[in-house]
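Visitor: I am new to this structure and would like to learn how to read it. Could you take me through it feature by feature?

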Amino acid sequence: MARLPAGIRFIVSFSRDQWYRAFIFVLTFLLYASFHLSRKPISIVKGELHKHCAGGEAEPSFSGQSSSAGHRPPRQLPDNETDCGWAPFDKNNYQQLLGALDYSFLCAYAIGMYLSGIIGERLPIRYYLTFGMLASGAFTSLFGLGYFYNIHSFGFYVVTQILNGLVQTTGWPSVVTCLSNWFGKGRRGLIMGAWNSHTSVGNILGSLIAGYWVSTCWGLSFIVPGAIVAAMGIVCFLFLIEHPKDIRCSSTLSMHSKGYENTVDRFRLHKPVLHGEKSRPLDPEMQCLLMADGKSSICPSHVVVLPGDSGNSMTAISFTGALRIPGVIEFSLCLLFAKLVSYTFLFWLPLYITSVDHLDAKKAGELSTLFDVGGIFGGILAGVISDRLEKRASTCGLMLLLAAPTLYVFSSVSKMGLEATIAMLLLSGALVSGPYALITTAVSADLGTHKSLKGNAHALSTVTAIIDGTGSVGAALGPLLAGLISPSGWSNVFYMLMFADACALLFLIRLIHKELSCPGLTAGGQAPLKEH
């Protein structure tokens with residue numbers, strides 16, 4: 001018999017479960033990357049909505065090119081539009097108006113997130129996420145249509161941002177819950193750290209796509225990302241599998257006779273044992289994750305959910321009940337300030353680069369992607385360190401401690417030239433995005449499966465929504481404050497960001513002290529799950 005080709009041997013070396021897990025990992029990665037892809041255009045287009053001009057004339061090169069390319073006949077320049085940009089953003093108060101656009105989106109996102117987790121627990125994830133992606137694609141494109149239909153009403157753009165912010169809240173609780181259903185706790189920091197790079201990948205792609213059209217036809221900078229996120233919504237409807245139990249797999253599952261006695265024991269799996277030997281229950285999802293060769297019969301291909309005696313083991317947790325989980329409040333408040341810093345960079349970095357390095361909107365957008373490249377490495381590094389040390393809060397605290405002085409250096413050296421800006425973008429992206437990524441993924445999943453929940457599988461979506469919703473309050477405040485403070489100088493914006501980093505660290509002090517004094521505890525004060 002001929003030997004199988006190397007590629008086929010590679011395929012069959014993995015079990016069916018492992019291929020499904022890899023598929024869900026990649027699919028949820030792409031789904032949420034498309035959400036961030038659709039959020040990025042507004043930061044890229046800001047430099048085109050308001051162009052720096054002197055004496056009523058646009059700056060040469062990119063501004064003049066945009067003016068001639070974007071408003072050539074038969075579409076004449078409207079009476080309320082000037083060479084300084086797109087009315088009403090062509091006036092001296094443009095920074096406040098652009099900040100209000102950011103605030104409209106992020107404030108709606110923050111408010112909607114608290115409701116989204118509660119609603120998401122009670123609806124099928126696939127339908128809920130599909131609706132959100134289709135609606136988000138529609139509202140993102142609607143903003144871009146303002147260019148083609150010559151709309152200069154500030155209210156139109158604000159309302160569009162508010163609606164888009166509300167429907168985008170369907171994304172995060174859904175994808176985190178789905179991924180946590182498929183992956184156990186064994187290497188959660190590493191897996192979710194790598195998975196959370198979808199944020200940076202989406203930002204990079206959004207910057208490049210929006211930057212391609214920003215100087216010639218900025219309406220397409222919104223319409224194309226909107227079409228992409230809507231198309232991914234259709235992919236979600238056709239292919240997303242919410243839970244391993246939704247597919248029938250061939251492995252044999254051994255049931256424990258007492259598995260019905262407590263909701264904690266709803267997920268039961270046991271190694272093959274000799275007669276009379278007491279079996280030891282293991283986390284089935286962790287076993288599937290750690291299995292490398294796909295040949296072990298102890299690894300199930302799906303998880304069987306057994307109802308508890310109480311009859312309400314699958315009842316959704318209340319909002320106040322989720323707040324009582326140890327660590328939820330501290331990490332939520334920490335994320336508020338960490339996300340304030342991250343989203344200020346997300347929405348204002350291209351405009352800052354345009355102002356400091358005197359680049360056009362397209363080049364500034366491309367350069368700003370280096371911050372997200374640093375964020376990819378920061379998220380993975382935070383996950384690896386927290387898994388190795390088994391200290392989530394301490395890992396976040398260390399990166400926050402290093403981020404504040406790094407931001408000060410960034411504000412100083414970025415004026416020295418392009419090379420210094422590139423180096424500091426990478427370093428700042430890693431330190432700013434690391435804690436944000438760790439809290440929104442691994443920490444949220446840890447707390448959503450806390451031992452105090454006694455196996456309530458419906459708690460994760462609410463816990464995730466509370467943590468990310470609180471963080472989104474900071475995400476709304478950051479860009480707004482940047483718009484209000486930046487007229488007095490960009491250095492003041494950086495002082496505000498450094499203060500926010502210090503506040504984020506302050507809210508973790510109690511948890512850090514608890515981790516250092518009790519080495520066996522992780523997020524929320526629960527013992528880490530050891531690999532077998």
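Guide: A salt bridge is a side-chain nitrogen of Lys or Arg within 4 Å of a carboxyl oxygen of Asp or Glu. This is a predicted model, and the structure holds seven salt bridges.

Visitor: Which residue forms a salt bridge with D17, and how far apart are the closest N and O atoms?

Guide: The partner of D17 is R21, with 3.7 Å between the closest N and O atoms. Both residues belong to helix α2 (residues 16–39), where they are four residues apart, about one turn of the helix. R21 and D17 are both buried.

Visitor: Which parts of the chain does the salt bridge of K339 and D468 tie together?

Guide: The side chains of K339 and D468 meet at 2.7 Å, N to O. K339 and D468 are both buried.

Visitor: What else lies in helix α18?

Guide: One of its residues is S472; the helix covers residues 459–485. S472 has a relative accessible area of 0%, so it is buried. Apart from neighbours within four places in sequence, its contacts are L106, Y109, A110 and K339. K339 is also the salt-bridge partner of D468.

Visitor: How should I read a pair of aromatic rings?

Guide: A pair of aromatic rings is described by the distance of the centres and the angle of the planes. In this structure the count comes to 33 aromatic pairs. F10 and W19 form an edge-to-face pair, with 6.3 Å from centre to centre and 80° between the planes. F10 is partly exposed at 48% relative accessible area, and W19 is partly exposed at 38%.

Visitor: Why is the pair of F337 and F507 stacked?

Guide: Planes under 30 degrees apart count as stacked. The planes of F337 and F507 are at 15°, so the pair is stacked, and the ring centres are 5.9 Å apart. This pair links distant parts of the chain, 170 residues apart: F337 is in helix α14 (residues 328–357) and F507 in helix α19 (residues 490–507). F337 is buried at 19% relative accessible area, whereas F507 is partly exposed at 31%.

Visitor: Which residues lie over the face of an aromatic ring?

Guide: K46 lies over the face of W348, 4.0 Å from the ring centre. R126 is placed over the face of F237, at 4.9 Å from the ring centre.

Visitor: Which residues make the nonpolar surface patch?

Guide: L4, I8, F10, I11, V12, F14 and W19 make a patch of about 640 Å². Helix α1 (residues 6–12) gives the largest share, four residues. V12 lies in that helix and is exposed, with a relative accessible area of 54%.

Visitor: What does the protein chain look like overall?

Guide: It has 20 helices and two strands. Of its 532 residues, 58% are buried. The chain exposes about 21,500 Å², and carbon and sulfur atoms supply 66% of that area.

Technical notes
Residues numbered from 1 in each chain as written. Predicted model: local features only at pLDDT ≥ 70, side-chain atom pairs only at ≥ 80, totals over all residues. Heavy atoms only, no water. Buried < 20%, exposed > 50% of the residue type's maximum accessible area, 1.4 Å probe, protein only. Areas by Shrake-Rupley, 256 points an atom, 1.4 Å probe, with all protein chains shown as cover. Phe/Tyr/Trp six-rings, centres within 6.5 Å; stacked < 30°, edge-to-face > 60°. Lys NZ or Arg CZ within 6 Å of the ring centre and 35° of its normal. Patch = residues over 30% accessible without salt bridge, like charges linked within 9 Å, V, L, I, M, F, W, Y side chains within 5 Å. Contact = heavy atoms within 4.5 Å.
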